[in-house]
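Me: I am new to this structure and would like to go through it in steps. Please show it first, and then I will ask about its parts.

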Amino acid sequence: MHGLHSTQLALCAAAFDAASNGLLVLDHEERIVLWNEWMSHHSGLSPQKVMGRTLTELFPELQGSRLLMALRGALHSGHPSLLSQSLNKAPLPLFSGPSPTPQQLRIRQAVKVLPLTPDGMPRHCLIQVTDVSLSVARERLLRDQAMELRACSHLDSLTSIPNRRQLDEYLARELRRAVRASAPLSLIMLDIDYFKHYNDTYGHQMGDQSLIQVAAALESTLKRPGDMVTRYGGEEFVVVLVDTDKAGAAVLAEKMRARIESLSIKHEQSQVAPHITISLGVASAIPGLNCEASTLILAADQALYQAKHNGRNRVQIYDPELLCGIRNQPNFRALQA
Amino acid sequence: MLSPDMLELDDMERDALTEVFNIGVGQAASAMSQMVNDRVELSVPSISFTSRAAAALELTHDAGQRICGVSQRFQGSFEADAILMFPENKSLEIVRLMIGDDMPIEELTAMEQEALTEIGNIILNALIGTLANVFGSEFSSSLPAFHFGTSSEILQAERKNADDLVMLLHVDFKLETHQINGYVAFLLDVSSVQGLRDSINRFMGNIAR
């Protein structure tokens with residue numbers, strides 16, 4: 001240590017030991033000449049045990065490792081290296097406690113390997129080890145949260161069932177599949193009867209509660225994984241039924257109607273019943289014919305309108321004969337009459 | 001005035017220099033293959049001398065677009081900044097390929113930045129080592145630094161430096177079925193151009209003998 005007073009030397013040694021990361025210095029023959037307190041603590045190896053030995057003598061697993069290549073790059077060519085934790089995880093067997101057990105996880109490490117050129121001495125190498133376990137954990141948490149957010153963006157925040165965005169993606173995909181497989185596909189559009197009155201009478205909080213109950217009840221009537229209830233907006237729901245024809249959809253729609261009625265959620269201002277009821281419209285695509293999602297939704301909406309018109313708390317199947325003029329549009333030829 | 005002509009190499013000289021750089025990145029590739037347990041191939045298909053402004057344009061046609069770079073400053077018989085850059089979103093692709101992460105997020109996280117810095121460090125050390133061998137002298141270098149900005153910012157190609165000379169290496173990076181084209185720029189100032197020139201001449205003389 002050229003030019004340093006003995007007090008400075010003592011301070012350097014004290015600082016080296018007090019540092020809150022791992023510091024070790026190796027000579028040009030790769031032998032350890034300095035090993036700080038942090039290294040002792042986390043490796044369980046005292047300076048006496050490591051002095052004059054090489055890293056591979058201490059840790060045979062390092063043979064041929066990136067750390068060793070970096071060490072040689074520093075000693076022979078003067079190249080500094082950085083070993084990121086993403087690409088190297090935990091190059092050295094270092095543990096959070098002083099007495100490592102085989103079960104204990106290694107500290108996640110970021111390592112810097114730096115050539116040292118002390119005056120009048122051959123080149124040495126400083127290895128600096130930082131514990132990044134906390135940052136790794138924090139980053140993982142952030143990623144998990146980001147993943148969750150993505151999943152949530154497809155769920156309705158109130159009822160936790162799929163939202164309209166997911167309906168759009170799902171219906172388009174399933175319609176394409178149905179056409180390829182010449183399989184039937186049906187849609188139910190439904191809404192709660194006199195829901196505005198309900199909100200006006202019981203308040204929006206109760207309104208929200210009833211929406212959550214209705215959504216859960218609708219979902220509980222579906223048994224097959226391919227079927228999906230989505231919140232279309234307000235008090236409107238859309239149910240996608242894969243591999244289901246008009247007759248099958250009608251049966252399920254009636255089951256849903258009965259299920260909601262059986263919830264017996266008090267609704268005194270309803271003009272059809274003293275409890276909450278729903279009206280449902282069913283539309284089905286003809287197997288093998290190309291049917292647009294928007295066409296199917298419009299047809300189900302028309303059927304729902306008819307169900308309302310016919311007195312509510314009932315199921316109406318899309319029937320071009322009964323409905324207003326849309327049957328003449330070419331798009332609607334793909335619907336089951 | 002400094003111009004790309006000052007370092008015009010003939011075909012033989014250019015081939016020889018390209019060849020040495022290929023040997024250099026070959027070593028980096030074997031180190032990276034070992035790290036990811038998969039075959040990583042690196043090659044330098046061509047070298048050119050150009051101005052910083054022209055190099056910035058070659059990297060991104062859209063001047064506002066931001067890219068990632070990793071730089072190391074090295075000094076020996078001459079002094080220069082070596083900067084590894086991947087155009088457009090390729091840096092992310094490389095990191096994801098190496099870490100095997102398929103998180104659909106557009107930004108590089110801190111950990112991924114560090115990983116990219118390490119990849120840059122491996123490649124730049126190999127190239128600087130090659131230069132040291134070629135020039136028969138040693139270069140000391142700084143730890144790698146990560147940059148994010150437009151190609152013009154990273155290459156410091158604004159105004160007063162726009163005409164300064166850059167030795168631009170194309171680096172092809174192959175992993176699994178992906179091929180990604182990157183660049184390494186050596187930013188040279190007047191004195192370093194002379195140093196590089198002398199060194200190249202000496203090196204060519206040695207080969208010829």
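Predicted model: local features only at pLDDT ≥ 70, side-chain atom pairs only at ≥ 80, totals over all residues.

Me: What share of the residues of chain A count as buried?
Reply: Chain A has twelve helices and ten strands. Among its contacts with a separation of 6 or more, 58% are between residues 24 or more positions apart. Of its 337 residues, the share that count as buried is 35%.

Me: How are H10(A) and H11(A) oriented to each other?
Reply: Helix H10 (residues 204-221) and helix H11 (residues 246-263) of chain A have axes 9 Å apart and pack at an angle of about 140 degrees. An angle has to be over 145 degrees to count as roughly antiparallel. The two helices, H10(A) and H11(A), are therefore oblique.

Me: How many charged residues are in the contact of H10(A) with H11(A)?
Reply: From H10(A) come Gln213(A), Val214(A), Ala217(A), Leu218(A) and Thr221(A), and they meet Leu252(A), Lys255(A), Met256(A), Arg259(A), Ile260(A) and Leu263(A) in H11(A). By class, this contact has seven nonpolar and two polar residues, and its charged residues number two.

Me: In what order do the elements of chain B run from the N terminus on?
Reply: Chain B has six helices and seven strands. Of its 209 residues, 41% count as buried. From the N terminus on, the order of the elements is α-β-α-β-β-α-α-β-β-α-β-β-α.

Me: How far apart are the end C-alpha atoms of H1(B), and what span should its residues have?
Reply: Helix H1 of chain B has 26 residues, 11-36. At 1.5 Å a residue they should span 38 Å, which agrees with the distance between the end C-alpha atoms, 36 Å.

Me: How many nonpolar residues are in the contact of H1(B) with H4(B)?
Reply: H1(B) and helix H4 (residues 110-135) of chain B pack at an angle of about 145 degrees, with axes 8 Å apart. H1(B) passes H4(B) in a right-handed crossing. Among the residues in the contact are Phe21(B) and Ala28(B) of H1(B) and Ile122(B) and Leu127(B) of H4(B). By class, the contact has no charged residues, four polar residues and, as the nonpolar count, 13.

Me: Which residues of H1(B) are buried?
Reply: A residue is buried if 20 or more other C-beta atoms lie within 10 Å of its own. In H1(B) the buried residues are Leu17(B), Phe21(B), Gly24(B), Val25(B), Ala28(B), Ala29(B), Ala31(B) and Met32(B).

Me: Is Arg52(B) buried or exposed?
Reply: Arg52(B) is found in helix H2 (residues 52-59) of chain B. Its contacts beyond four places in sequence include Leu155(B), Asp164(B) and Leu187(B). With 23 other C-beta atoms within 10 Å, Arg52(B) is buried.

Notes: Residues numbered from 1 in each chain as written. Chains lettered and ligands numbered in written order. Helix = DSSP H or I, 4+ residues; strand = E, 2+ residues; numbered from the N terminus. Buried ≥ 20, exposed ≤ 12 C-beta atoms within 10 Å, placed from the backbone. Contact = placed C-beta atoms within 7 Å. Expected span 1.5 Å × (residues − 1). Axes fitted to C-alpha atoms, helices over the stretch in contact; angles between N-to-C directions. Parallel < 35°, antiparallel > 145°, perpendicular 65-115°, else oblique. Nonpolar A, V, L, I, M, F, W, Y, C, P; charged D, E, K, R; others polar. Left-handed = near helix turned anticlockwise from the far one by under 90°.
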